[in-house]
Amino acid sequence: ADSYGEGIDSAGDIVGGYGNFGATQGFEQAGTKFKTVTPPGTFNGVYATGINKSGEIVGWTLSSDTSGFFYNHSKFQTIAVPGANSLTEAWSINDSGIVVGWYDSCNPLCADHAFAFMKGKFLSFDYPGAMETYAYGINSAGQIVGSYTFDQQTFHGFVTNPITSQVFDISASR
């Protein structure tokens, strides 16, 4: 069986995926306690990719409709960016509950875009001039790291200025 460690919080709790031919189940390892973290449904793969100090976990499921998930206290919420082409991957969550990841959209051209998500609100962003942008991590200060490409052959890393939960409050009042 394969196993993948994908995320770790400040207490050393680890999340990832395990199973045959890739990760068929998500997991959380907190000290000596091991818990499966897999949303309801049938999937080709499940990856728990981020955890914060509150024990909130994010990840994504691999199937014909790849979507992200948020897990807290035995409850799952699907994360699917509106307008995405059946592909949203949640990769990280910070201690403020801001989730980041990427999604595919064909509006107007098919490309991958980064997103931040909090309290039911999405912010989509791209590195200026890039064909595709991917967000993979967010720290407690709200800085996001990821990669982008201008030609789908060479990839570069980026780090953003901090975003905070106030950005989501402002976008909601518009």
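Reader: How many residues lie between β11 and β12 in their hairpin, and which residue in the turn has a positive phi?

Author: Please note that this is a predicted model. Two residues lie between β11 and β12 in the hairpin, and K119 in the turn has a positive phi of about 50 degrees. The strands themselves, β11 (residues 110–118) and β12 (residues 121–125), are antiparallel and paired over five bridges. Within that pairing, F115 has S124 of β12 as its bridge partner.

Reader: How many residues separate β10 from β11 in their hairpin?

Author: Three residues stand between β10 and β11. Eight bridges link this antiparallel pair, and D104 is placed opposite D112 in β11.

Reader: Why is strand β10 described as largely enclosed by the rest of the structure?

Author: A residue counts as buried under 20% relative accessible area. In β10 (residues 99–106), seven of the eight residues are buried, so the strand is largely enclosed by the rest of the structure. Strand β9 (residues 88–93) also joins β10, antiparallel and through five bridges, with S92 partnered by V100. The β9–β10 hairpin has five residues between its strands, and G97 in the turn has a positive phi of about 90 degrees.

Reader: In what order do the strands of the open sheet of four run?

Author: The order is β5-β6-β7-β8, with antiparallel pairing. Its edge strands, β5 (45–51) and β8 (75–79), each pair on one side only. From one strand to the next, the twist averages 30 degrees. Between β5 and β6 (residues 57–62) there are six bridges; G50 has V58 in β6 as its bridge partner.

Notes. Residues are numbered from 1 along each chain as its sequence is written. This is a predicted model: local features need pLDDT of at least 70, side-chain atom pairs count only at pLDDT 80 or more; totals for chains, interfaces and linings use all residues. Side-chain values use heavy atoms; hydrogens and water are left out. Two strands pair if DSSP finds at least two bridges between them. Axes are lines fitted to C-alpha atoms, for helices over the stretch in contact, and angles run from 0 to 180 degrees between N-to-C directions. Buried means under 20% relative accessible area, exposed over 50%, partly exposed in between (1.4 Å probe, protein chains only).
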